[in-house]
Amino acid sequence: MFRSLAFAIPLGLFAMSAGAQNSDKNIDIQSSVGDVHVGSDAEARDTGLPLYPGARLKHDEQNKNSANLGIFTAAFGFKLVVVNYDSDDSSEKIVAYYRKKLEKFGKVLECHTSRHGDDVHVNDGDHDSDSKELKCDGDNSGSNIELKVGTEYNQHVVSIEPEAKGSSFALVCLRARGKEGSI
């Protein structure tokens, strides 16, 4: 399914003349083949999660503070939203807040990692709808905490990284579908 992305993105960019709208941070392409949205216009609510009280959009020159990608065709659909924030609060407070908010989506999995931030993994292989359960990657050790809920093709992740003063965190929502299904 995701091998099709390698073909669809260039095709969509080629089709920009078929109704593209471009602002400072967004590209929207609408064509008979499908629709593509690429932008940095994401907010916490676009992930289906509320913003942690007092959190600030992360301003980091090395990493973009948000991403909003959507590709929709008759054959597949893919939506990924990532937003990065900073907070003066400890990672423990942020974990407690988002654990409760994520429960509405299902069983919350807590993973520990040394990776940074907003990584989401979707394996390209056999899949039957939304049935692949999420799991912790690696040896489940490290100071960074990932709260995960959902399935491999429909997931919410909050990745929290303790810092010297406060914490940084990423809110991630990923939804994918094959020919049948909706996003």
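Ser167 counts as buried, at 0% relative accessibility; buried denotes under 20% relative accessible area, exposed over 50%, and partly exposed the range in between, with a 1.4 Å probe and protein chains only. The model is predicted, so that local features need pLDDT of at least 70 and side-chain atom pairs count only at pLDDT 80 or more, while totals for chains, interfaces and linings use all residues. Residues are numbered from 1 along each chain as its sequence is written, and side-chain values use heavy atoms, with hydrogens and water left out.

Ser167 is located in strand β10; helices (H or I, at least four residues) and strands (E, at least two) are DSSP runs numbered from the N terminus. Its side chain reaches the backbone oxygen of Asp89 at 3.0 Å. This is a polar contact, defined as a pair of N or O atoms within 3.5 Å; within protein, one atom must be able to donate a hydrogen and the other to accept it, and residues adjacent in sequence count only if both atoms are side-chain atoms. When residues up to four places away in sequence are not counted, Ser167 touches Tyr85, Asp86, Ser87, Asp89, Ser90, Ser91, Ile94, Ile160, Glu161 and Pro162, where contact means heavy atoms within 4.5 Å.

The largest nonpolar core has 20 residues. Such a core is a set of buried Ala, Val, Leu, Ile, Met, Phe, Trp, Tyr and Cys residues joined through side-chain atoms within 4.5 Å. The residues with the most contacts inside this core are Tyr98, Leu147, Val158, Phe169 and Leu171. At least two core residues are supplied by each of β6 (77-87), α2 (91-102), β8, β9 (154-162) and β10 (167-177). The largest share, four residues, comes from α2. In soluble globular proteins, nonpolar side chains tend to be buried together.

Val158 is placed in strand β9 and counts as buried, at 0% relative accessibility. Leaving aside neighbours within four places in sequence, Val158 is in contact with Leu49, Tyr98, Leu102, Ile145, Glu146, Leu147, Ala170 and Leu171. Val158 and Ile145 are 13 residues apart along the chain, and their C-alpha atoms are separated by 8.1 Å. For Phe169, with residues up to four places away in sequence not counted, the residues touched are Tyr52, Ala55, Val83, Asn84, Tyr85, Ser87, Ile94, Tyr98, Ser159 and Ile160.

One disulfide is counted under the rule that a pair of cysteine sulfur atoms lies within 2.5 Å. It is formed by Cys111 and Cys136, with sulfur atoms 2.0 Å apart. The link is left-handed, with -85° about the S-S bond. Cys111 lies in strand β7 (residues 109-113) and Cys136 in the loop between β7 and β8 (144-151), so the pair ties together parts 25 residues apart in sequence. Cys111 is buried at 2% relative accessibility, whereas Cys136 is partly exposed, with a relative accessible area of 24%. Cys173 is buried at 7% relative accessibility.

The loop between β7 and β8 also holds Asn140 and Glu133. Asn140 has a positive phi of about 55° although it is not a glycine, and is partly exposed, with a relative accessible area of 34%. Glu133 is exposed, with a relative accessible area of 68%. Between Glu133 and Gln155, 22 residues apart in sequence, the C-alpha to C-alpha separation is 9.5 Å.
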